[in-house]
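Hi,

Here is the structure I promised to pass on. Have a look at it first, and my notes follow below.

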Amino acid sequence: MRLLYHARIFTQDPSMPQATPQATALVMEGERILAIGAEEKLLHQYGAEAEKQDMQGAVLWPGLTDAHIHLDHYALALQMVNCETATRAECVRRVGERARSTPAGKWLRGHGWNHNVWADGLGNAAELDVVAGNIPVYLTAKSLHAAWVNAAGLREARITADTPDPAGGMIQRDEHGQPTGILFEAAMSLVEDVIPARTSAESAEAIAAAQVNLWRYGITSVHDFDGSRCFEALQLLDAQNRLKLRVVKSIQGDKLEHAAALGLRMGFGNDRLRIGSVKLFSDGALGPHTAAMFAPYQSDGDNSGILLLDNEQVLEIGILAAEHGLSLAIHAIGDRANHEVLVGLATLRQYETDHGLPHLRHRIEHVQVLHPADLNRLAELNVTASVQPIHATSDMAMADRLWGERCALAYAYGSLLESGAALCFGSDAPVESPNPFLGLHAAVTRRNAQGEPAPEGWYPAQRLTLAQALHGFTAGAAYAVGMEDRMGRLAPNAFADLIVLDVDPFTLAPQDLQFVQPVATMIGGQWVWQKDESLHVTQ
């Protein structure tokens, strides 16, 4: 038994006001919280038998959840060339620097480029050839919906002028029909399929290292949206008792029939690793102009993106999932994609009702721009908006340029909350940083790190209060996966997952939220990370 006292505890428990002076201590037994309340009472009741820690007035929050992350991709990205640069030339320079230490025959990987912020736009294979020679190069865009490949990489993948565009993808070509080295959406798999895959054991080691980064940010649980290799790696770590994060693991859409045949249901697993939703894609992304829109992108001809699922396909897949106790988590960026998904989910809700099936906690991932007619439909259907506030401030200039006035309902967290929709928050790492305090800052200010646009932020009607934003990273995320009885709050019988802060974020200027850093993180009653062992949380 452990007792933490002399603390200021923000419980996220509806039965206990957030800043109540009565929440100054908590008692843990094993992985769970036994009691929470005034330190005088708990010290008297449990002090004789508990191991006590004086928190010296520190603030305690529930552990934070990243409700949309790609763990395997994030872990791999930490080992790649960082291509998130201000200029294309700097990205190429970094590739050349890494090429000098890359053994012959090995692929050079990078991640993070965004041609929308480069004055000279998209690159080509020839630029990479100059600095990498015959080393095959594969660089994924920040959105993960496009890739940049050099000539050696194209040769390895046997991509030529005669290679047809795959369904749901596009090979960019020059005026002579030759591949330029830029691949969109499903065309990326032409290269990915020939890059030697990491083993599950290698992924496990990378994820084990990456989880330390997440603890440092105050993240104690995640909803993962990577594939089978990631699931295998997580199982290896769990079996070795090295998985400390709590992970809700999605099932890729193309594995649904296998999962149904095996009888897997949402919630199967344990308190560290369990099955979540079935992940589907209804469109592409904003950056590569592949998000499915009702009207074309501004200044991009008649391009209105790529629709990958219509409402009938959502229903067909949804019926199979619902009949086997699996909820849907559907990627939808553009207004047309969100509309098709909502129409499909409305029909699926009726099917669940007509066939005596439970109304599962379906969710839409991203919900980046909505048609006004669809704004209230998530609440009406009890569909969770799984969104990433950091996308709003990262994308705002690009969104203004490509979507124009449609941005009034882009990243519309305030409007969604007002409509009654349930929200959960994540980062989409490695697309963005998984640091949730950057997400909190973005949700509250709608301004970037430099304070732009000042003073009210981008579409200020969509701003949230800090309490509303914190709910998205805690109780809202727990609700999305049916774990609100034991996660996302500090209360009796909940997991003892918490973070320690040496400042109270509720007293800070909103622009300073981005600088908050936890000083310690606890999962299941055990400290998994401390910033400085000389701090007051040492044993």
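Let's begin with the second largest pocket: 35 residues line it, and Glu-84, Lys-142, Ser-394, Glu-432 and Ser-433 are the ones nearest its centre. Before going further, note that this is a predicted model, so local features need pLDDT of at least 70 and side-chain atom pairs count only at pLDDT 80 or more, while totals for chains, interfaces and linings use all residues. Residues are numbered from 1 along each chain as its sequence is written, and side-chain values use heavy atoms, with hydrogens and water left out.

Back to the pocket. Its volume is about 820 Å³. (A pocket here is an open set of points on a 1 Å grid over the protein atoms alone, where a 1.4 Å probe fits, with protein on both sides within 12 Å along at least five of seven lines; lining residues have an atom within 4 Å of a point. Points are joined across faces, edges and corners, and the volume is the space filled by probe spheres set on them.) The lining splits into 17 nonpolar, 13 polar and 5 charged residues. (Ala, Val, Leu, Ile, Met, Phe, Trp, Tyr, Cys and Pro count as nonpolar, Asp, Glu, Lys and Arg as charged, and the others, Gly among them, as polar.) α13 (389-403) is one of the elements that supply at least two lining residues each, and α13 gives the most, with 7. (Helices, H or I of at least four residues, and strands, E of at least two, are DSSP runs numbered from the N terminus.)

Now for some strands. β10 (residues 137-141) and β11 (residues 146-149) pair in the antiparallel sense over 3 bridges, where pairing takes at least two DSSP bridges between two strands. They make a hairpin with 4 residues between them, and Leu-144 in the turn has a positive phi of about 65°. Tyr-138 sits opposite Val-149 of β11. On β11's pairing with β13 (residues 179-185), also antiparallel over 3 bridges, Ala-146 faces Phe-184. Both faces of β11 are covered, with Ala-146 and Trp-148 buried on one side and Ala-147 and Val-149 buried on the other. (Buried means under 20% relative accessible area, exposed over 50%, partly exposed in between, with a 1.4 Å probe and protein chains only.)

There is also an open sheet of 5 strands, ordered β2-β6-β21-β22-β23 with mixed pairing. Its edge strands, β2 (8-9) and β23 (526-530), each pair on one side only. Within that sheet, Val-500 has Ala-520 in β22 as its bridge partner.

Two single residues are worth a click. Trp-107 lies in the loop between α3 (88-99) and β9, and it counts as buried because its relative accessibility is 14%. Its contacts (heavy atoms within 4.5 Å) include Tyr-138, Gly-153 and Val-191. Ser-386 is in strand β19 (residues 384-387) and is buried too, because its relative accessibility is 0%. Among the residues Ser-386 touches are His-68, Arg-363 and Cys-424.

Finally, the cores. The largest nonpolar core has 72 residues, and Trp-61, Leu-345 and Trp-403 are among those touching the most other members. Another core, of 24 residues, lies apart from it and includes Ile-69 and Val-247. (A nonpolar core is a set of buried Ala, Val, Leu, Ile, Met, Phe, Trp, Tyr and Cys residues joined through side-chain atoms within 4.5 Å.)

Cheers

Note on methods: Lists of a residue's contacts leave out its neighbours within four places in sequence.
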